[in-house]
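Here are a few exercises to work through with the model open in your viewer. Try each task before you read its solution.

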Amino acid sequence: MAPAFLRLMAWGIEGETRRWRGAVARRPRRWFRRLSVCALGGSLLAACSGSEVTHLPPGPGDAKRGEKIAALAGGCGCHSAETGAPLSGERELPTPFGTFYSSNLTPDRETGLGAWTDEEIDTALRRGRLRDGTTEAPVMPWYAYAGMADDDARDLIAWLRTLEPVRRQRRADEIWIPLPRLAFRAWVILFSRFTTPPRSAPSEPHARGRYLVDHVAICGDCHTPRTVFGSPDRSLAFAGNAQGPFDEVVPNITPNKVTGIGNWTADDIVSVLEMGMLPNMDSVSGLMAELVDGVHGAPGYAQAPLADLRAMAEYLRTVRPIAHAVRDSGAGDD
Ligand code: HEC
């Protein structure tokens with residue numbers, strides 16, 4: 001666990017980053033140097049501390065239940081490329097830090113997860129630590145999955161093991177981050193807030209909605225803008241991102257009536273998650289459509305239990321409304 005002062009530092013840095021973003025755009029080289037120094041300093045701190053481990057419950061996972069968790073996770077779609085088998089990886093993930101390529105999650109022994117133990121997969125999923133002890137790039141949202149319940153993680157892993165093994169070598173990332181593995185380690189210290197995940201997911205609807213939104217369906221991972229360090233800007237939680245992944249505009253889904261979806265009912269939100277249908281009868285497109293439908297036959301939100309979609313929709317209506325326009329005309333129910 002990182003000491004409190006590090007967290008305070010991270011909080012301060014996050015607050016500053018919106019101001020820095022403009023400065024970085026104006027003087028990229030100087031900022032590149034500063035970021036490198038930060039990364040090195042953070043790495044030294046990182047070397048002195050370790051992150052918590054997670055524990056899977058004993059006994060085999062329930063793959064059928066795991067399929068529902070996968071559906072709620074949008075089918076882990078970042079691991080499915082345009083061509084090839086679902087979840088066999090090699091999807092191009094462009095970020096401001098360069099292009100990452102996702103890994104093969106099928107049970108192939110050499111190029112996938114076939115030779116990994118459940119604990120190793122879990123550590124990568126919920127703690128961002130790979131088998132060789134290095135830290136995974138935070139392009140994989142393990143910092144959000146970190147709160148996934150032990151039962152859900154175990155069952156999701158059991159479902160991954162039922163996939164057809166596909167041989168597909170991971171492509172090397174093309175990124176410009178100096179000393180990337182150390183930089184990612186530093187990122188863990190500064191920006192991830194690990195809490196001990198619950199043994200089982202909450203069942204009370206409000207708590208369940210919040211849990212699913214934050215730790216399984218990870219709505220905020222796209223709908224919350226990022227700081228210059230690529231960490232979610234918590235002061236704008238769910239308020240949309242004008243430059244989201246793949247340069248898509250990700251709408252504000254807070255209950256703000258002008259720039260968000262404050263005029264929507266919970267049913268309207270459920271329709272988006274269940275059918276990809278907006279209140280004006282248009283369909284969502286791009287990433288959101290992928291999450292709803294699942295990629296190449298993998299499950300998506302549409303296959304998740306309706307009660308869970310509703311719990312997420314009801315919870316979203318209770319988050320802090322934030323005025324933040326990401327579209328020229330403002331996001332809304334037009
Ligand atoms: C991988 C990124 C990503 C994730 C994760 C994601 N969304 Fe989206 N979402 C988008 C994008 C991009 C759009 C815009 C789609 C379009 O323009 O057609 C969108 C659109 C929406 C809309 C329509 C809003 C409007 O004003 O048109 C709603 C509602 C929504 N998402 C809710 C959610 C919820 C709830 C979750 C979690 C259960 C979620 N999203 C997870 C990327 C994402």
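**Exercise 1: a loop residue**

Threonine 254 counts 26 other C-beta atoms within 10 Å, so it is buried (buried means 20 or more other C-beta atoms within 10 Å of a residue's own, exposed 12 or fewer, partly exposed in between, with C-beta atoms placed from the backbone). Before going on, note that this is a predicted model: local features need pLDDT of at least 70, side-chain atom pairs count only at pLDDT 80 or more, and totals for chains, interfaces and linings use all residues. Residues are numbered from 1 along each chain as its sequence is written.

*Task.* Work out where threonine 254 sits and which residues it touches.

*Solution.* 
- Step two: skip neighbours within four places in sequence, and the contacts of threonine 254 include Phe238, Gly260 and Pro321 (contact: backbone-placed C-beta atoms within 7 Å).
- Step three: check proline 321, 67 residues away along the chain, whose C-alpha atom is 4.9 Å from that of threonine 254.

**Exercise 2: strand pairing**

*Task.* Find what strand 2 (residues 98-101) pairs with.

*Solution.* 
- Strand 1 (residues 92-95) pairs antiparallel with strand 2 over four bridges (pairing takes at least two DSSP bridges).
- Leucine 93 bridges to phenylalanine 100, and a two-residue hairpin links strands 1 and 2.
- Strand 3 (residues 174-175) runs antiparallel to strand 2, with two bridges; glycine 98 partners isoleucine 175.

Terms used:
Contact = placed C-beta atoms within 7 Å.
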